[in-house]
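Subject: Structure handover and salt-bridge notes

Hello,

Here is the structure for your files. My notes on surface, fold and charged pairs follow below.

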Amino acid sequence: MSTPGTSGMPSTSGTPITPDTPGAPSTPSTPGTPTASPLRLVIADDHEVVRAGYAGLLATQPDFTVVGTAADGAQAVDLCRKLLPDLVLMDVRMPVMDGIEATGRLAGTGTRVLILTTFDLDEHVYDALSAGAAGFLLKDVTAERLFDAVRVVAAGEGLLAPTVTRRLIAEFARLRPGPPAGPAARLDALTPRETEVLRLIAEGLSNPEIAGRLHVSEETVKTHVSRVLGKLGLRDRTQAVVAAYESGLVVPRTGA
């Protein structure tokens, strides 16, 4: 199981990381940078070397602070409820409690979940997205991509842009057909323009790209996105993608 920048540094599990914790990564200070509060992160993975590698790598960024690590989903839920981090990087397959159940238990806590997965088309990732995860990322991602993903998800956006994300979501929707339920059954509440915006979101387009496609301003797109989420009772763009596929608004492409 690979992880970017694995350093082999020691890592604690199931406990908060503080400056006095052995092996705790220090948060670097960069002269002249803004003093805004860094993003507070928890890493949940059952492999110690993966936890340590991600912790060491994320600690190189002045706007990140790793406040704790967990070896299973139960520890992750406990840590997140105690520490209220901005985001948890969550593995799917873990002992005691897997990442899917842990994601569901963190719904409504304010902590966003970024799922980590392998190259395989892991069927559990779709379950995690449905449980409320804000996005997912392949474990052999580059360091810069990891940093960007953390910032995007923590800022309240779903991680949708990478082609692999669109392929995975489409594949899971193709393999798990069924009648629309919940928000997916209420697409008739959307205006034609809102429906078109939802379709473009599901194709992986960003707000600026949607604005260019529809020849409107980015602010107008943001307004449409907000209305789509509100009418369908969705938390973010990732859930909007799931709803679009489950409702049949977007049909998965075979061989994608």
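The model is predicted: local features need pLDDT of at least 70, side-chain atom pairs count only at pLDDT 80 or more, and totals for chains, interfaces and linings use all residues. Residues are numbered from 1 along each chain as its sequence is written, and side-chain values use heavy atoms, with hydrogens and water left out.

Fold and packing

The chain has 256 residues, and 48% of them are buried. Buried means under 20% relative accessible area, exposed means over 50%, and partly exposed lies in between (1.4 Å probe, protein chains only). There are ten helices and six strands. Both are DSSP runs, numbered from the N terminus: helices are H or I with at least four residues, strands are E with at least two. Take the contacts between residues at least 6 apart in sequence: 71% of them join residues at least 24 apart. A contact means heavy atoms within 4.5 Å.

Salt bridges

Side chains of opposite charge can pair when their charged atoms come close. The rule used here asks for a side-chain nitrogen of Lys or Arg within 4 Å of a carboxyl oxygen of Asp or Glu. How many salt bridges does this rule give? The count is eight.

- Arg 105 and Glu 101: the closest N and O atoms are 2.6 Å apart. Both residues sit in helix H3 (residues 99-105), four residues apart, so about one helical turn separates them. Arg 105 is partly exposed at 41% relative accessibility. Glu 101 is also partly exposed, at 36%.

- Lys 231 and Glu 194: the closest N and O atoms are 2.8 Å apart. Lys 231 lies in helix H9 (residues 218-232) and Glu 194 in helix H7 (residues 192-202), so this pair ties together parts 37 residues apart in sequence. Glu 194 is buried, with a relative accessible area of 3%. Lys 231 is partly exposed at 35%.

- Lys 222 and Glu 219: the N to O distance is 3.6 Å. Both lie in helix H9, three residues apart, about one turn of the helix. Lys 222 is partly exposed at 39%, whereas Glu 219 is exposed at 53%.

There is also a network: salt bridges with shared partners join Asp 45, Asp 91 and Lys 139.

Best regards
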